[in-house]
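Take a moment to look over the model below. The paragraphs after it go through a few places in turn.

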Amino acid sequence: MFENYKVFKTDFAGHELVVETGKIAGLANGACLIRYGETVVNVAVTASSQPRDGIDFFPLSVDFEEKMYSVGKIPGSFLKREGRPTEKAILVSRVIDRPIRPLFPKDMRNDVSVVCTVMSVDPDCSPEIAAMVGTSIALSISDIPWNGPISGVSVGYINGEFIINPTAEQKTVSQMAVTVASTENLIAMIEAGANEIDDDTMFKGIMAGHEANQKIIEFIKKIKSEIGKEKFFYNTTEPDEKMVQEIKEFITQDLKVALNTDDKKVRDERLKPIYEKVHEHFKDIYPDSESLINACMYKAQKNVVRRWLLDEQKRVDGRGMDELRPLAAEVALLPRVHGSGLFTRGQTQVLTVATLGPISDQQLLDGIDGEEEKRYMHHYNFPAYSVGETKPSRGPGRREIGHGALAERALVPVIPSVEEFPYAIRLVSEVVSSNGSTSQGSICGSTLALMDAGVPIKAPVAGISCGLITEGDRFLTMVDIQGLEDFFGDMDFKVAGTHNGITAIQMDLKIDGLTPEIIKEALYKTHKARDYILDEVMLKAIDKPRKELSEYAPKMLTTLIDVEKIRDVIGSGGKIIQKICAECDVKIDIEEDGHVFISGLDTNNCKRALTIIETIAKDPEVGAVYKGRVSRVMDFGAFVEIAPGKEGLCHISQLDTKRTEKVTDVVNIGDEIIVKVIEIDDKGRINLSRRAALLDAKEEKN
């Protein structure tokens, strides 16, 4: 039945990689089923037969679809089916998109869709890596024009050794998690999170991943040679060279004047009449070619910027190649929030706000990986006004989610553990002005906000980007690229880290890939730049985390109780814990391992709730003093509840320092009194003394 069915096998970092073609998704332009260990991902790629009209970009979409059945789960939503992609799925889609996009023809406008469906997950065999390799195979064997193949691996670092595609257990102890995608000769994509790894080690890890990719690339080339289809013809959208040269010669001098400024708004205003001039001059020469004229204008501007950089080492704003734009940092801008920081780099400004909450505020995740809770969250917003545009807000897009995740990854290594700082932490970066590198600005602003909030981070983190211009074997890198250099350049190499080392990398390319020399230079330059940002700007605004939290932040206390006592603290139907929360005006979270987190705006109320919980969970000891409530009055004494469900007898002789004739002469039901445990009999009954507590207090006072 499946006459075109083929199976290809190879070893991939200690696990078998099996590629099946010709059996599933036969109507797609290219498809394969990837079996990596027990992970199974189906990848299908399709392309439209005709180009899309009226666009000036290549319309590629990549979707990484997480199916909950792949891990034996039913979705937790009300509908009980998968809805919009999770943030993790969006991030994986972006990681796959970045290395494959530059390898498509620049002038193709046919829609291309890549769909990676995760059908089974083996925790030790990454579905993300399987999907990336499967995408490369599906595109290679399809009839869609594409200059691949690529391969991708994950690189870990444990005990001084690099691990290719680490297992789930190895990932928990690895000092870095680096995804490296490669072509046959170049490094096409880097996505990294690391625990302050030095530049040299990071470089070696990247090269280890590049080397590991070569075996899979050879494997894919063999598959393509056996079953690959002939690539289809597409209609180019490129203007002819004569038209390009005519417009370039007509307008280059005007463009040089317009582009030569550090102010994006001024540049945009200068360009408007130039566009009008060009269209007016060429409308009769090239009728009905408005989009082609715009394409020529793009090429003319790109030529000016790149020639300035390569031939004159001149940047549009007059800076040197390694010179940063004017920098500024400020904290405590917003009076009622828990922490805030504003970071400015040229015309890029990011305001980050930190919010602290009880542990129960952590995010619950419903996905195919093992992570179910996230205590530290980072969200990034990019409103239209930040670039002077007008459009309605429709929630975060893939770019916003990606930039937020990059900033989050950069700061994870310095966030204190829950034992050191028992709070949920949310950062929100508001991009209020953008002219390039806002993601790195959000990292700097976030460090400021965390320190302003009093979060005891292990070290401050800064982020910076490095750009690239290439021409043949020539290349030129420049630090702190602004929007125009990113737009017309070949690379946006973003590196975040502390003084000690790298915490995150994200590399975006418009060319096929990078040589080792370019990567090494980018790592060196970004390290030098982030040291300057930290020392000369950020640490002068705030040199260390504040010792005290904001008065508006919740106060948090924590304790550890015996898991067997959790039921006693919660009570039947939650009655006891609800009573404690109501009486003390606090919020209480109890985890399965016995950790108890108490939060509230008043420290004394938190301490009181802590005492009550510890009294319930831990058997009272002789000599302990409690603040209790009189629950019953008898002729021979009063019963005092020292914690919900736990009370003792204060005999009439122990009610006061002087003789007591009648119990109600001293206490009544509902009174709160200080008592001391003076005896616990062999039946566990507690005898209390108000008299002893009063005498102790008097003695301490004297």
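A residue is called buried under 20% relative accessible area, exposed over 50%, and partly exposed in between (1.4 Å probe, protein chains only). This is a predicted model, in which local features need pLDDT of at least 70, side-chain atom pairs count only at pLDDT 80 or more, and totals for chains, interfaces and linings use all residues. Residues are numbered from 1 along each chain as its sequence is written, and side-chain values use heavy atoms, with hydrogens and water left out.

Begin with Glu592, in the loop between strand 23 (587–590) and strand 24 (595–600). Helices (H or I, at least four residues) and strands (E, at least two) are DSSP runs, numbered from the N terminus. Because its relative accessible area is 78%, Glu592 counts as exposed.

Now turn to Thr135, which is part of helix 2 (residues 127–141). Thr135 is buried because its relative accessibility is 0%. Contact means heavy atoms within 4.5 Å. Apart from neighbours within four places in sequence, Thr135 is in contact with Val43, Ile96, Ile100, Val114 and Cys116.

Is Arg315 buried or exposed? Arg315 sits in the loop between helix 7 (290–312) and strand 11 (327–331). With a relative accessibility of 1%, Arg315 is buried. Leaving out residues up to four places away in sequence, the residues that Arg315 touches include Leu309, Asp322, Glu323, Asp480 and Glu485. Between Arg315 and His378 there are 63 residues in sequence and 33 Å in space, taken from C-alpha to C-alpha.
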